[in-house]
Amino acid sequence: MAIDAATVRKVAKLARIAQPEETLEGLARELSGIMSWIEQLNEVDTDGVEPMTSAVHMPAPMRDDVVTEGGDPDLVLSNAPKRAGNFFVVPKVVE
Amino acid sequence: MSALTSLTLKAALDGLTAKAFSSVEITQAHVEAVEAARALNAFVLETPEKAIEMAKASDARRASGSAGPLDGAPLGIKDLFCTKGVRSTAGSKIIGDFKPTYESTVTANLWRDGAVMLGKLNMDEFAMGSSNETSAWGPVVNPWRTRGGNAQLTPGGSSGGSASAVAAELCLGATATDTGGSIRQPAAFTGTVGVKPTYGRCSRWGVVAFASSLDQAGPMARSVEDAAILLTSMAGHDPKDSTSLDVETPDFASFVGKSVKGLRIGVPKEYRVDDMPAEIDALWEQGIAWLKDAGCEIVEVSLPHTKYALPAYYIVAPAEASSNLARYDGMRYGLRSEGANLTDTYEKSRAAGFGAEVRRRIMIGTYVLSAGYYDAYYLKALKVRRRIADDFDRAFETVDALLTPTAPSAAFSLGDRSDDPVAMYLNDIFTVTVNLAGLPGMSVPAGLDATGLPLGLQLIGRALDEGTLFSLGGALEKAADFRAKPQKWW
């Protein structure tokens, strides 16, 4: 299926990646090329096939719901782009 | 000190045990080799002081009689593994200054067993690439060149730094990761051994995530035995990774050298792709003959959904990546590019921090997961993935392992395929099926092409049957007697 510039604009918005208007057409062509190559999957009969959601044959393990590590704000904040005291500083979220 | 860097890991460990040399001596020799090889761009961070400090501690342990299985051996670590206090970038600008406050389980296991870290190895950004050209730190150069040529070749990807460093004798072995072929294809391109273990064999904890249902860590080394020694240390159950398998880790090295007589080896007819170079086909025939001589029985098998593995992968992997990479929002760590408001800051940070291939894959992943397309693409790909896994299950009812080429070509020139994403993706045509099915695979160097570049053969095994692969890999290695080394030009 061909992907047009409007779809690229929408997907870029969903992906939260700034995409300059003048790059949309080129990217649409590129993504269309990749997606049309992927279309060959439609040749495979998958009626009644269970989707494979995991590469391992085992149930998800359970563990006790207890704190194992934590209580060290300096470690948590050590790579923060901006911090104030023991807090991350982020742009205003609520107007 | 070049003699010390030319040793296999096994020989180096034997020498350390016999006190023929110290860890400080062999580490110093490697530190100097790393410094002299900057033209390869294999390391994105050299940690010589840390290496010598770890080597001194190793020598002290050995003196007190408490040396571990890897004690004193200098290794390189792919930059996808988080190393405590040591910059870990995953080849990306978006975490270009990231210093983890924790250690990945795989590297922690290596240090537990006494290994020494020489530094962090270059890679494709977030492990997305087959030529190392998507790294934010520039491509790695393959130490191999064509006979008489001086064109710069790719070491493959995404573990190109690991492959190049091992081939150029800058480290005794290296960690790597494989999501669609990222250990095995670079191993084939550099004449080294690469092992992608069964999914769940090595913990993913502390390994920067690309596609979580496909990512698996493994070793790169200069011999099958060395790879076995490394994997034995790297593997093991880890409660911090919920997909880590709670199974015993065998002594993989004990399988190397075992007889392979009577093993049934499958040759999948669908891997004879149309435009396969004659040399690759000939090498495959040679591999079949070697295993026959070693007493194996060769059986043709069919894996009918092989051709759909790559397109299925290019839905599953980008979908998982778009979800995993959503964490890079510039708020808690990583690059932040201030915008007019919160959304604008997210968008600017991610546009500035991610390279073109990573952005492209996030876009594909977001598209195939978006409302209205999920069933048609993502769900369809998961069903095809099941078909591919079923193909292997059926084949393994009659055979013990499969033999295929590792890659459809030898190493190509840097820049050759970077304009066409689909042509680049086709590099992984023989390796990607293994990731989709969660099986172990190994690439063993088997010969040189007409221009003098190395080629590899791939062995694929049943889940958790790496042992058989190490026996077969050892048999191929012995028969191929691959001793060629890249001519030093760097």
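Two residues are taken to be in contact if their C-beta atoms, placed from the backbone, lie within 7 Å. On that basis, among contacts in chain B between residues at least 6 apart in sequence, 76% join residues at least 24 apart. The structure described here is a predicted model, and the paragraphs below take its two chains in turn before looking at where they meet.

Chain B has 490 residues, of which 62% count as buried. Its secondary structure comes to 16 helices and 11 strands. The C-alpha trace of chain B spans about 65 × 55 × 50 Å along its principal axes. A compact globule with 490 residues would have a radius of gyration near 23 Å, and the 21 Å found for chain B therefore agrees with that expectation.

Chain A gives another picture. The principal axes of its C-alpha trace span about 55 × 45 × 25 Å, and buried residues make up 18% of the 95 residues in the chain. Chain A contains three helices and two strands, which follow one another along the sequence as α-α-α-β-β. As for the confidence of the prediction, the average pLDDT of chain A is 93, and 99% of the residues score at least 70. Among the elements of this chain, the highest mean pLDDT belongs to α1(A), at 97, and the lowest to α2(A), at 94.

The next matter is the interface. Here 51 residues of chain B are in contact with 38 residues of chain A. On the chain B side, the elements that give two or more residues are α10 (309-324), α11 (342-353), α12 (356-369), α13 (374-395) and α14 (421-425). The largest share of this side comes from α13(B), with 10 residues. Sorted by class, the side of chain B that touches chain A has 25 nonpolar, 13 polar and 13 charged residues.

The buried residues are Val358(B), Arg359(B), Arg361(B), Ile362(B), Met363(B), Ile364(B), Gly365(B), Thr366(B), Tyr367(B) and Val368(B). Both chains take part in covering them: the cover includes α1 (5-14) and α2 (24-38) of chain A, together with α10 and α13 of chain B.

The peptide bond from Gly157(B) to Ser158(B) is cis, with omega near 5°. Ser158(B) belongs to the loop between β3 (116-121) and α6 (160-167) of chain B, and Phe126(B) lies in the loop between β3 and α6 as well. Phe126(B) has a phi near 50°, a positive value in a residue other than glycine. A positive phi, of about 60°, is found for Lys19(B) too, although it is not a glycine. Lys19(B) sits in the loop between α2 (9-17) and α3 (23-36) of chain B.

Lys19(B) has 10 C-beta neighbours inside 10 Å, so it counts as exposed.

Towards the end of chain B, Lys488(B) lies in the segment after α16 (466-480). Lys488(B) counts as exposed because it has 11 C-beta neighbours inside 10 Å. From Lys488(B) to His305(B) the separation is 183 residues in sequence and 43 Å in space, C-alpha to C-alpha.

Methods:
Residues are numbered from 1 along each chain as its sequence is written. Chains are lettered from A and ligands numbered from 1 in the order in which they are written. This is a predicted model: local features need pLDDT of at least 70, side-chain atom pairs count only at pLDDT 80 or more; totals for chains, interfaces and linings use all residues. Helices (H or I, at least four residues) and strands (E, at least two) are DSSP runs, numbered from the N terminus. Ala, Val, Leu, Ile, Met, Phe, Trp, Tyr, Cys and Pro count as nonpolar, Asp, Glu, Lys and Arg as charged, and the others, Gly among them, as polar. A residue is buried if 20 or more other C-beta atoms lie within 10 Å of its own, exposed if 12 or fewer, and partly exposed in between; C-beta atoms are placed from the backbone. pLDDT is the predictor's confidence in each residue, from 0 to 100. The radius of gyration is taken over C-alpha atoms; the globule rule is 2.2 Å times the number of residues to the power 0.38.
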